[in-house]
Amino acid sequence: MRQFLDFEKPVAELENKIDELRQMTDPNGVNIEEETARLSEKAEKHLRAIYAKLTPWQKVQVARHAQRPHTQDYVNALITDFTPLAGDRLFADDKAVIGGMGRFDGTPVMVIGTERGSDLETRLQHNFGMARPEGYRKAQRLMRMAGHFNMPILTFIDTAGAWPGIDAEQRGQAEAIARSIATCFEVPVPLVATVIGEGGSGGAVALGAGDRVMMLENAIYSVISPEACASILWRDPKQASTAAETLRLTAQDLQKLGLIDRIIPEPVGGAQREPTVAIESVRTALTEELKTLLPIAPARLKELRREKFLAMGREALS
């Protein structure tokens with residue numbers, strides 16, 4: 001069943017009426033096809049109007065929608081001959097980070113991403129996409145392997161942030177994230193990062209220091225969650241919507257600030273309504289970006305990547 005967000009209630013009511021009409025056995029003179037077509041058109045109009053003026057807080061809710069396609073969905077749809085790789089060779093295999101080798105439109109690639117899970121069982125298995133140090137060390141291992149075998153790296157980001165538990169801190173969470181970012185800068189192959197849902201804090205940046213950073217139209221990317229920000233600044237989590245406005249966490253804001261390179265369009269109503277269409281849009285964007293990056297020599301690629309992120313700091317200080 002399709003899950004609706006609070007601000008989508010007008011659309012939900014219309015679509016429920018459509019479902020009721022389609023299940024009617026005794027229409028009592030009502031032309032069901034004509035009425036459902038009228039209601040469908042009305043629902044589509046409402047949906048377009050709603051999504052044309054989403055607030056930052058509403059985009060946060062869309063980015064977190066449980067039915068949005070997750071990293072595993074992108075891997076299944078975009079990558080052929082995928083071979084998953086596990087473990088950091090130091091402590092354990094963190095299932096919040098998935099990765100492996102495969103082919104993207106025939107090109108050998110390394111794929112790494114945070115996976116939230118799609119139901120309660122898989123969410124618990126993947127720890128809701130919040131990685132521990134071993135997850136980021138696995139990512140580092142796979143990135144270095146990609147560099148060794150000259151394979152472009154595709155990362156998919158969808159996490160509220162790194163796991164904040166004491167066990168993660170005891171095993172060096174901050175060092176693991178910092179080392180993962182450093183590895184992103186060191187690899188001599190193209191790295192394209194795509195924020196497909198929620199890009200939260202260092203847990204997202206650990207996989208996001210790429211030659212190209214892309215975001216889906218309704219994704220978010222922020223140093224802190226709106227709820228945590230509101231708790232710190234106003235000591236009131238109910239101020240989350242105000243925090244979302246202040247954080248400039250939408251794809252549109254981040255592109256204006258020069259922090260991301262590309263916005264990938266979503267179907268009307270978000271990627272959760274038409275996952276296949278959203279995934280194909282990502283395929284198109286990845287194809288175009290890789291076509292630009294693959295001819296660049298490794299040394300020049302690393303130089304441009306480094307300069308890109310240094311320029312962000314210079315711009316902020318000027």
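This is a predicted model: local features need pLDDT of at least 70, side-chain atom pairs count only at pLDDT 80 or more; totals for chains, interfaces and linings use all residues.
α4 crosses α13 in a right-handed manner. Two packed helices are described by the angle between their axes and the distance between the axes.

**Helices α4 and α13**

- Helix α4 spans residues 71-78 and helix α13 spans residues 275-293; the two pack at an angle of about 70°, with their axes 10 Å apart.
- Angles of 65 to 115 degrees count as roughly perpendicular, and α4 and α13 are therefore roughly perpendicular to each other.
- On the α4 side the contact involves D73, Y74, A77 and L78, which meet I279, V282, R283 and L286 of α13.
- By class, this contact of α4 with α13 comprises six nonpolar and two charged residues, with no polar ones.

**Helices α6 and α8**

- α6 packs against helix α8 (residues 173-186) at an angle of about 20°, and their axes are 8 Å apart.
- Angles under 35 degrees count as roughly parallel, so α6 and α8 are roughly parallel to each other.
- From α6, the contact draws on P133, Y136, R137, A139, Q140, M143 and R144; from α8, the contributors are Q173, E175, A176, I177, R179, S180, T183 and C184.
- Seven nonpolar, four polar and four charged residues make up the contact of α6 with α8.

**Helices α1 and α2**

- Helix α1 (residues 9-22) and α2 pack at an angle of about 165°, and the distance between their axes is 9 Å.
- Because angles over 145 degrees count as roughly antiparallel, α1 is roughly antiparallel to α2.
- The α1 residues in this contact are V11, L14, E15, K17, I18, L21 and R22, while α2 supplies I32, E35, T36, L39, S40, K42, A43, H46, L47 and I50.
- The residues of the contact of α1 with α2 fall into nine nonpolar, three polar and five charged.

**The enclosed helix α3**

- Helix α3 (residues 56-63) is largely enclosed by the rest of the structure, because six of its eight residues are buried.
- Those buried residues are P56, Q58, K59, V60, V62 and A63.
- The elements covering the buried residues of α3 include the helices α2 (32-51), α10 (226-233), α11 (240-247) and α12 (251-256), together with the strands β5 (191-200) and β7 (220-222).

**R305 in α14**

- R305 belongs to helix α14 (residues 298-317) and counts as buried, with a relative accessibility of 1%.
- A polar atom of the R305 side chain lies 2.8 Å from the backbone oxygen of C184. C184 is also one of the α8 residues in the contact with α6.
- Not counting residues up to four places away in sequence, R305 touches C184, F185, E186, V187, V189, P190, L191, A209, G210 and D211.

**F156 in β4**

- F156 is located in strand β4 (residues 153-159) and is buried, at a relative accessible area of 1%.
- Beyond its neighbours within four places in sequence, F156 is in contact with T71, Y74, L78, V111, I112, G113, T114, T194, I196, V282 and L286.
- Among these partners, Y74 and L78 of α4 and V282 and L286 of α13 also take part in the contact between those two helices.
- F156 and A299 are 143 residues apart along the chain, and their C-alpha atoms are separated by 24 Å.

- N127 sits in the loop between α5 (120-125) and α6 (133-148), and at 13% relative accessibility N127 counts as buried.
- The side chain of N127 has a polar atom 2.8 Å from the backbone oxygen of M130.
- With neighbours within four places in sequence left aside, N127 is in contact with R132 and W163.
- I263 lies in strand β8 (residues 262-264) and counts as partly exposed at 22% relative accessibility.
- Contacts of I263, apart from neighbours within four places in sequence, are with M215, E217, A251, Q252 and Q255.

Key: Residues are numbered from 1 along each chain as its sequence is written. Side-chain values use heavy atoms; hydrogens and water are left out. Helices (H or I, at least four residues) and strands (E, at least two) are DSSP runs, numbered from the N terminus. Buried means under 20% relative accessible area, exposed over 50%, partly exposed in between (1.4 Å probe, protein chains only). A polar contact is a pair of N or O atoms within 3.5 Å; within protein, one must be able to donate a hydrogen and the other to accept it, and residues adjacent in sequence count only if both atoms are side-chain atoms. Contact means heavy atoms within 4.5 Å. Axes are lines fitted to C-alpha atoms, for helices over the stretch in contact, and angles run from 0 to 180 degrees between N-to-C directions. A crossing is left-handed if the near helix is turned anticlockwise from the far one by less than a right angle, and right-handed if clockwise. Ala, Val, Leu, Ile, Met, Phe, Trp, Tyr, Cys and Pro count as nonpolar, Asp, Glu, Lys and Arg as charged, and the others, Gly among them, as polar.
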